[in-house]
Amino acid sequence: MGMVMVRCPQTGRAIPTGIKIDRDSFRRRPVFYSRTHCPTCQIDHTWFAQDAWVHEAGRVERRAAEDSHMERV
Ligand SMILES: [Zn+2]
């Protein structure tokens, strides 16, 4: 199991969404979006599943999507 994480559009920080799921289940989910309260901005950010990733403790994960996020900044 891991925690679904999203990136804050204002600060670029990773925010835990509080949603716990294993990575395979997350991949199989249809496209969806949700809202998560950002502790840095003190507001809710809306995010799409394609922008989120599953963080599993003890693993460092890099995805192509994350890399492209960084290039756009
Ligand atoms: Zn934020």
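**Before selecting anything**

The model is a predicted one, in which local features need pLDDT of at least 70 and side-chain atom pairs count only at pLDDT 80 or more, while totals for chains, interfaces and linings use all residues. Residues are numbered from 1 along each chain as its sequence is written, and side-chain values use heavy atoms, with hydrogens and water left out.

**Stop 1: the whole chain**

Display the chain as a cartoon. It contains 2 helices and 5 strands, in the order β-β-α-β-β-β-α from the N terminus. Here helices (H or I, at least four residues) and strands (E, at least two) are DSSP runs, numbered from the N terminus. Of the 73 residues, 29% count as buried; buried means under 20% relative accessible area, exposed over 50%, and partly exposed in between (1.4 Å probe, protein chains only).

**Stop 2**

Colour by accessibility next: C38 is buried at 0% relative accessible area, whereas C41 is partly exposed at 22%.

**Stop 3: the loop at Q42**

Move to Q42, in the loop between β3 and β4 (43-48). Q42 has a positive phi of about 65° although it is not a glycine. Its relative accessibility is 55%, so Q42 counts as exposed.

**Stop 4**

Select residues 2-7 and 14-21, which are β1 and β2. These strands pair in the antiparallel sense over 5 bridges; two strands pair if DSSP finds at least two bridges between them. G2 has I21 in β2 as its bridge partner. The hairpin has 6 residues between its strands, and G12 in the turn has a positive phi of about 80°.

**Stop 4: the nonpolar core**

The largest nonpolar core has 12 residues, among them V4, V6, C8, I15, I21, C38, W47 and A52. β1 and β2 each supply at least two residues of this core. A nonpolar core is a set of buried Ala, Val, Leu, Ile, Met, Phe, Trp, Tyr and Cys residues joined through side-chain atoms within 4.5 Å. In soluble globular proteins, nonpolar side chains tend to be buried together.

**Stop 5: W47 and its neighbours**

Which side chain makes a polar contact with the side chain of W47? Select T36 in strand β3 (residues 33-38): its side chain makes that contact, at 2.8 Å. A polar contact is a pair of N or O atoms within 3.5 Å; within protein, one must be able to donate a hydrogen and the other to accept it, and residues adjacent in sequence count only if both atoms are side-chain atoms. T36 is buried at 7% and also touches H45, one of several residues it contacts; contact means heavy atoms within 4.5 Å.

Finally, select A52, in the loop between β4 and β5 (53-55). A52 is buried at 0%, and W47 touches it.

How values were computed:
Lists of a residue's contacts leave out its neighbours within four places in sequence.
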